[in-house]
Amino acid sequence: TMIDTDTFTAFAPLLVAMEKYADNHGFRYFSGDDEDQAKWESDGRAVEDRPASRPRCALLAPVYRDALQGESGPFKERLVREYEAAQDIVCLEAVRNCMIATCDSLGLWPPHNEGDNAGYQDTSAPVDQIAGRLWVDQELRRTEPSIGDRLEMRARTASFIVDFCRAAGLPLKDCTKANTMLTEFMERVTEYTRETPGAGSSEHKPSTSRTRPAPWHHMVGAAAVGVAVLSFRSPQVYAQTFTRGASALISAGAQAGV
């Protein structure tokens with residue numbers, strides 16, 4: 001399976017029913033597609049003649065949409081909790097991707113020094129130290145499929161859930177942790193560029209030929225949603241902190257061939 005039904009148990013039946021649709025659409029959900037499916041069900045065409053990019057079983061989509069839009073109850077509360085958790089996952093992955101792209105633009109990817117296992121989330125550390133920790137995290141994801149694949153599956157599932165719930169009219173929450181993390185990271189970037197003249201120029205690029213990890217194709221959609229969440233809820237923070245990393249993030253997405 002390509003979806004995470006263990007983390008998102010309330011959405012599990014919907015996710016299973018729409019897995020092929022999600023995969024064909026880069027784990028994005030487009031409002032109205034389930035209504036189109038209802039038309040195909042009644043027009044007499046054989047299943048194999050219907051567009052393969054459309055969901056084959058979208059009967060659950062209206063059920064879940066009605067539950068999200070309906071009166072409060074135990075099931076809706078579970079859905080909303082998982083929706084909010086999905087937003088946190090998407091926002092934090094978007095910030096991580098932005099941090100990596102920014103480190104690359106500064107000539108810190110690969111980093112100058114080997115990182116430790118303290119965790120890149122500590123944005124009080126100097127940016128070159130954060131870069132080393134990001135590298136350790138990326139290498140762990142790349143070399144340990146049981147970790148990397150699980151995190152990728154969770155993130156792309158979260159991206160799909162965020163899209164679906166937004167299409168159902170649910171509001172976006174404040175991604176406080178992601179906003180704080182990104183703001184502090186960009187403060188460290190400002191300090192680094194102030195103390196390192198020419199940071200990001202060719203002479204500051206690492207001389208090592210270590211292989212650069214390939215971007216996660218499925219994470220481009222999740223990163224886009226994360227940027228949207230951050231910019232929608234905190235436009236001032238977005239304007240101040242994403243400006244420097246945005247072009248690098250877009251470049252990374254383009255290099256992924258998506």
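Predicted model: local features only at pLDDT ≥ 70, side-chain atom pairs only at ≥ 80, totals over all residues.
The backbone at Phe27 has a phi near 60°, a positive value in a residue that is not glycine. Most residues other than glycine have a negative phi, and most peptide bonds are trans. Phe27 has a relative accessible area of 1%, so this residue counts as buried.

Pro110 itself belongs to the loop between H5 and H6. Just after H7, a positive phi of about 100° is found at Gly169.

Stepping back to the chain as a whole, the secondary structure is quickly told: there are 10 helices and zero strands. Read from the N terminus, the order of elements is α-α-α-α-α-α-α-α-α-α. The chain has 258 residues, of which 46% count as buried. Among contacts with a separation of 6 or more, 76% are made by residues 24 or more positions apart.

The cysteines come next. The model holds one disulfide, taking a pair of sulfur atoms within 2.5 Å as the criterion. Cys91 and Cys175 form this link, with a distance of 2.4 Å from S to S. The bridge between Cys91 and Cys175 is right-handed, with 55° about the S-S bond. Cys91 is part of helix H5 (residues 74–105), while Cys175 lies in the loop between helix H7 (145–167) and helix H8 (176–195), so the bond ties together parts of the chain that are 84 residues apart in sequence. Both Cys91 and Cys175 are buried.

What of Cys98, and how far away is the nearest cysteine sulfur? Cys98 takes part in no disulfide, and the nearest cysteine sulfur, which belongs to Cys103, is 9.6 Å away. Cys98 counts as buried because its relative accessibility is 0%. Cys103 is likewise in no disulfide, its nearest cysteine sulfur being that of Cys98 at 9.6 Å. With a relative accessibility of 0%, Cys103 also counts as buried.

Helix packing can be followed through H6 and H8. Two packed helices are described by the angle between their axes and the distance between the axes. For helix H6 (residues 127–143) and H8, the axes come within 9 Å and cross at roughly 125°. The two helices are therefore oblique to each other. On the H6 side the contact is made by Val127, Asp128 and Ile130, and on the H8 side by Phe185, Arg188, Val189 and Tyr192. Sorted by class, the contact of H6 with H8 has five nonpolar residues, two charged residues and no polar ones.

Helix H6 also contains Asp137. Is this residue buried or exposed? Asp137 is buried, because its relative accessible area is 18% and the cut-off for a buried residue is under 20%. Leaving aside residues up to four places away in sequence, Asp137 touches Arg96 and Tyr120.

Note on methods. Residues numbered from 1 in each chain as written. Heavy atoms only, no water. Helix = DSSP H or I, 4+ residues; strand = E, 2+ residues; numbered from the N terminus. Buried < 20%, exposed > 50% of the residue type's maximum accessible area, 1.4 Å probe, protein only. Axes fitted to C-alpha atoms, helices over the stretch in contact; angles between N-to-C directions. Parallel < 35°, antiparallel > 145°, perpendicular 65-115°, else oblique. Contact = heavy atoms within 4.5 Å. Nonpolar A, V, L, I, M, F, W, Y, C, P; charged D, E, K, R; others polar.
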